[in-house]
Amino acid sequence: MDRRYYLAQAGEGQNDTADLVEHYLQVGSGRKFDPSPTFRSSRYLDATPGVRETGQDPFLHYLLDTVGEATLTDTLAGLTDADVGMLRARFDADWYLRSYPDVEASGNDPFVHYLTTGWRERRDPSPSFSTGAYLDLYSDIRDSGINPFRHWVLHGIGEGRSNGKAASSLASAASLSAGERQVLTRMVDIERYQAYVADAGPDPVLPLAAHFGLDGANADKAVLSFQAARHVATYPELAGTDQEPLLHYLFAVVGEPALRELFVDKPIEVTRAICEQFDAAWYLYSYPDVEASGQDALIHYMTVGWRENRDPSQEFSTRAYLLRYPDIIEAGMHPFQHWVTFGKDEGRSGVSSARNFRNRPYTPSITAILVNDDADPLTPECVFAIAGQTYEDLSFLVVGTPLSDASRAALEARTRHARIGYLSGDGAVPLSDLLHRAAAQASGDLLWFVRGRGVHDFEFLARLTSSFADNSVQLGFGRRLEPHDTNFAVTQDELARQMEGWARHATTPAAVWFPEHLRTGRMAVDQYSFLWRRRILCDDVWHRAGDYRHLGLWHLYLHMASGGQIATVRDALMRIPAALPPMPSNDDFRSDVARLTAEVGSVWPTTHGVAGLASVSEAVKRHVLVVTHGIFAGGAENLPIQLANELAARGIIVSMLIFKVDLNPEMRATLNPGVSIYEADWVMEYGSEQFLRDIGCSLIHSHGVIGEMFFFRLSDGPLPVPYVATLHGSYEASSSSELPERFIAKIVRNVDLFIYTADKNLVPLLRHQVRPERIIKMINAMPVDEAPFPRTRAGMGIAEDAVVFTLVGRGIPEKGWSTAINAFRAVRDLNPHRPMHLCLVGEGEEPDRLKPLHADDPSISFLGFQLRIHGLYRMTDVAIVPTRFAGESFPLCIIQALQVSVPVIATDVGEIASMLEVDGVAGGVVVEGSPVDAVFDARFTEAMHGLIDDERRERISRGAGVLGRGYDMGAFTDQYVAVYERVIRDFAASRPLMAADGDTADAV
């Protein structure tokens, strides 16, 4: 209450504050007296009509129900009546309400609103004080959590501290040189700006000259985002001088030449178009270092930021544009300016591949694991926010000590009971053991671990989950706000408005993230909420987490992240009601840090500036990057998936690099979720060599020439890690325009080891004198899938005594789909009394073309994509492979048929003949190829007719079973692991030689 103001209404007679309050409650409220000049009872009642209906006193309702007693107590702590009077004297209530109409509309007391909430939102109490600038200028105030206006009024003025209003008046512009004056005049309407500063609003901005002005929704972009107070904080030598911050920034920091090129030398229309497409708000949000320094966003990007591969908006990727269009680099043009003025009209794409990750449809099932602990229990507010998440496919598992009655009621009131599970603990069970049990019991694709008092925004999980559409992300964290943080008290609606469109996908490779946190000591506070892509971790990982006294969770993070990335989603917010205590700095904690440092060093073969981490040769774990075309059906794609699974099961870190981003969901489900999948476009933008270093890659293993095309076109010299290429026939299948001889020669120089599966794979390499010690021959293999086919013979209408032929292959003509159908029909005509059936498995243009032509034939089944190939072959009598594909080498479908004792009829191409007969044991029939369709069809007809004979088919089936046992996935993986170790060892030994020779390309 304001004593003088109230007495003017009530008259004299109240001697002290208690009398004043008593009079207001007993008399003044009923007579509609206002308790202070900043609270209008009528305005508050208009804004909250429900209060008028109840007859409650509006001022008491506002203080105790809207603001809250605890908030008021905290705000007023340590203030005397005289202090409050001093604050009121410098607070401009009318200006505050004009500047922030939402406060007036809500009926809030502007003075109380500012002291309790407004300052945390960086609002200003008057045109004479800048809350945000004061916090930016004085880190001691910012770190202490003190209300900056309170400090300035009661202490700062006496200490000679600035009010934060360091906006330039440009009064000294007349003293500039003629060239500087020309630049400034072209940039800024000086008179308009000086008039604006004289009547400064709550957040003064610098309008550009009228000729840069934009219309409509983009009008607010025609301003500079320069912040004078932050610039002074960056250059403290300016404080107390007459030098104007803006002019110092423009001409001492940026420089006249750069500004002249941007604002003077360009046609006005070009600069206007750049302003139109540039998103200053997004730029400052995405690059907080620029915002903190006070620099103008547009000037920073156009002069410096683009060279640092920063982006001007969500719609344009600087790095991607330069990589896609090297002619821009050759012409020496600014990439964003080119795109704005020419590129868009030419149909050039400026969009970053990473931009689309969080916009992709992605709705995995999620289990929220709520960890309750008596020492830090889940509060009702916390549980209410978790249960109220907007993400739909969410179940709950409560672990630890039982929830309080209030917390349990909050959970069950907002969820279906069937989606809640309970896993009790007695409080003595280590956290790592609880999490282990919970992870084993949970069913979600992603697991959301929550503990402590944090209150999550209702959109938290939806926003955080969106980053997991990037299949390289294994672990994700939101943004934690503590009471001293600026945005702590901002409403969800206001934050949603601020963050609209700011869906930047911010990720960090684990091999960088962990050393960075070790170096800066940022592991000092446990994360109270994180999201993890669920997979099986070995029991030992969970048990060893219990050996840590303080950093057990960080040990788990290390293994959860594996070779993937960690997402930090800034618009997924969680508020901690009280500041978190720092970790102890005792011997136990230091011992934990040392243990974690050693463990990180045993995983990632890079130091990243952290003392004590392992070097390449000392690294215990290997990280193999498997390169393949994509996650879809195909031999050259399926084998890398199966190999990756086997390697991961042995504790080797495995990641994949793919080029086709449309993943077959069923094939994706066969890949260990702990194998991170990186997309080639994203890697290209990141920088291929930097990517290899930052993920801690030990070795690249490519399964197609597309990998060599990618890496060796982006890199002129040898890569920082060894390169192994397994040849599946893609070299032979590529045209001379796709794979010119000069590029094959470059590949031969830089690949450390070629593994070929068929002799014909070597032909392109031998033309370039590949060294004998850099080639070895290996077979392929596949794990045997014991799962049955989802359909039965009877269900498909196939007679029990029918002979079933099955083709499994990619849906292209070269795989022999027409031959299979023509030969089958011919054999059927030759054996009219023997039932038979043809199963065709695969997707593509060829089955799409043929299926309508044979839709009326009940003996031919087009089955599309099928996952359970072994199960289908168990229902099959003969597998047919009528391939004439130029790249055919060592088909996996033949291996799968032999593994379940099914005889095979296949073309004599690649290594097929050697696959179907070994040491006199035959597992099938080899058919001579022919470019003439009729001849080829006739040969396949003859071979298929020959296996209608049950006795002959049974004899070859026994041979097939013998041959199938030779394709053991375990032995196959053993060979590859031995190859990796040899190549890594040889590569490390060759490095000194490369440096000594000075010819790195040949030395490899």
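Helix 42 (residues 817-830) lies across strand 19 (803-808), strand 20 (836-841), strand 21 and strand 22, and runs at about 175 degrees to strand 20. Contact here means heavy atoms within 4.5 Å, while axes are lines fitted to C-alpha atoms, for helices over the stretch in contact, with angles running from 0 to 180 degrees between N-to-C directions. Helix 45 (residues 892-899) also packs on the sheet, where it touches strand 19, strand 22 and strand 23, and its direction makes about 160 degrees with that of strand 23. The model is a predicted one, in which local features need pLDDT of at least 70 and side-chain atom pairs count only at pLDDT 80 or more, whereas totals for chains, interfaces and linings use all residues. Residues are numbered from 1 along each chain as its sequence is written, and side-chain values use heavy atoms, with hydrogens and water left out.

The sheet itself is open and consists of 6 strands in the order 21-20-19-22-23-26, with parallel pairing. Strand 21 (860-864) and strand 26 (924-927) stand at its edges with a single partner strand each, so one side of each is left without a neighbour in the sheet. From one strand to the next the twist averages 20 degrees. Within this arrangement, strand 22 (residues 878-881) and strand 23 (residues 904-907) pair in the parallel sense over 3 bridges, and the bridge partner of I880 is I905 in strand 23. Two strands are taken to pair if DSSP finds at least two bridges between them; helices (H or I, at least four residues) and strands (E, at least two) are DSSP runs, numbered from the N terminus.

An open sheet of 7 strands has the order 14-13-12-15-16-17-18, and its pairing is parallel. Its edge strands are strand 14 (676-679) and strand 18 (775-777), each of which pairs on one side only. The twist from one strand to the next averages 20 degrees.

Strand 12 (residues 623-627) pairs with strand 13 (residues 653-658) in the parallel sense over 5 bridges, and V626 stands opposite M656 in strand 13. Helix 34 (residues 635-649) packs on this sheet and touches strand 12, strand 13 and strand 15 (699-702), its direction making about 160 degrees with that of strand 13.

## Two helix pairs

Two packed helices are described by the angle between their axes and the distance between the axes. The axes of helix 25 (residues 380-387) and helix 26 (residues 405-414) come within 8 Å and cross at roughly 15 degrees. The two helices, helix 25 and helix 26, are therefore roughly parallel to each other, given that angles under 35 degrees count as roughly parallel, over 145 as roughly antiparallel, 65 to 115 as roughly perpendicular and the rest as oblique. P380, V383, F384 and A387 of helix 25 make the contact with A406, S407, A410, L411 and R414 of helix 26. By class, this contact of helix 25 with helix 26 has 7 nonpolar, 1 polar and 1 charged residues, where Ala, Val, Leu, Ile, Met, Phe, Trp, Tyr, Cys and Pro count as nonpolar, Asp, Glu, Lys and Arg as charged, and the others, Gly among them, as polar.

Helix 6 (residues 81-90) and helix 12 (residues 148-156) pack at an angle of about 105 degrees, with their axes 10 Å apart, and helix 6 and helix 12 are therefore roughly perpendicular to each other. In this pair, D83, M86, L87 and R90 of helix 6 meet F149, R150, W152, V153 and L154 of helix 12. The residues of the contact of helix 6 with helix 12 divide into 6 nonpolar, no polar and 3 charged.

## Burial and backbone at individual sites

In helix 40 (residues 741-750), 7 of the 10 residues are buried, so the helix is largely enclosed by the rest of the structure. The buried residues of helix 40 are F743, I744, A745, K746, I747, V748 and N750; buried means under 20% relative accessible area, exposed over 50%, and partly exposed in between (1.4 Å probe, protein chains only). A228, found in helix 15 (residues 228-234), is likewise buried, with a relative accessible area of 9%. A228 and G294 are 66 residues apart in sequence and 6.4 Å apart in space, C-alpha to C-alpha.

Most residues other than glycine have a negative phi. S901, in the loop between helix 45 and strand 23, has a positive phi near 60 degrees without being a glycine, and S901 counts as partly exposed at 31% relative accessibility. D919 is not a glycine either, and has a positive phi of about 50 degrees; its place is in the loop between strand 24 (917-918) and strand 25 (921-922), and D919 is exposed, with a relative accessible area of 79%.
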